[in-house]
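Colleague: I have a structure to go through before the afternoon. Can you take me through it?
Modeller: Go ahead, it is up now.

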Amino acid sequence: MRIPKKFKVAGLTITVKDVEYIRDGGVYGDFSDCTQEIRLAKKYFFEGKWINTSKDLKLRVFLHELVHCFNYYFNTDTDEALAQTFSSYGIEYLQTAEYDEEK
């Protein structure tokens, strides 16, 4: 699955940006309703060294932040447990879905 560069939610255009790192390398991504952005970190700081964010982790983080976005425009909440749960369901679905061959 590819991560979009922009999309619409609640009539607003949300932009997805790749950034070097977020908050001194302590988080993988974030969503801002003020700037209507999802930011995804290219790297993060762990155990004293910088680690590049893998493609699979970046997709998981995107789905997590997308749930925050949906939830915010539903009730202005950004519950972490909800975002983590639904992003985990989403990534599992995408990685395990099987389809009939198209004819």
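Modeller: A term first: on a 1 Å grid over the protein atoms alone, a pocket is an open set of points where a 1.4 Å probe fits, with protein on both sides within 12 Å along at least five of seven lines, and lining residues have an atom within 4 Å of a point.
Colleague: Fine. Which residues line the second largest pocket?
Modeller: The lining consists of M1, R2, I3, K55, D56, K58, L59, I91, L94 and Q95. By class that is 5 nonpolar, 1 polar and 4 charged residues, where Ala, Val, Leu, Ile, Met, Phe, Trp, Tyr, Cys and Pro count as nonpolar, Asp, Glu, Lys and Arg as charged, and the others, Gly among them, as polar.
Colleague: What is its volume?
Modeller: The second largest pocket has about 170 Å³, a volume being the space filled by probe spheres set on the grid points, which are joined across faces, edges and corners.
Colleague: What sort of model is this, and how is it numbered?
Modeller: It is a predicted model, in which local features need pLDDT of at least 70 and side-chain atom pairs count only at pLDDT 80 or more, while totals for chains, interfaces and linings use all residues. Residues are numbered from 1 along each chain as its sequence is written, and side-chain values use heavy atoms, with hydrogens and water left out.
Colleague: How many helices and strands?
Modeller: There are 2 helices and 6 strands, in the order β-β-β-β-β-β-α-α along the sequence. They are DSSP runs numbered from the N terminus, helices being H or I with at least four residues and strands E with at least two.
Colleague: Where is the largest nonpolar core built from?
Modeller: That core has 16 residues, and those with the most contacts inside it are F7, I14, V16, I38, L40, F62 and L63. β1 (6-9), β2 (12-19), β4 (37-41) and α1 (55-75) each supply at least two of its residues, with α1 giving the most, 7 residues. A nonpolar core is a set of buried Ala, Val, Leu, Ile, Met, Phe, Trp, Tyr and Cys residues joined through side-chain atoms within 4.5 Å.
Colleague: What does V16 touch?
Modeller: Beyond four places in sequence, V16 is in contact (heavy atoms within 4.5 Å) with I3, P4, K5, F7, I38, L40 and F62.
Colleague: Last one, I51: buried or partly exposed?
Modeller: I51 counts as partly exposed because its relative accessibility is 23%; buried means under 20%, exposed over 50%, and partly exposed in between, with a 1.4 Å probe and protein chains only. I51 is in strand β6 (residues 49-52) and, not counting residues up to four places away in sequence, touches K42, K43, Y44 and F46.
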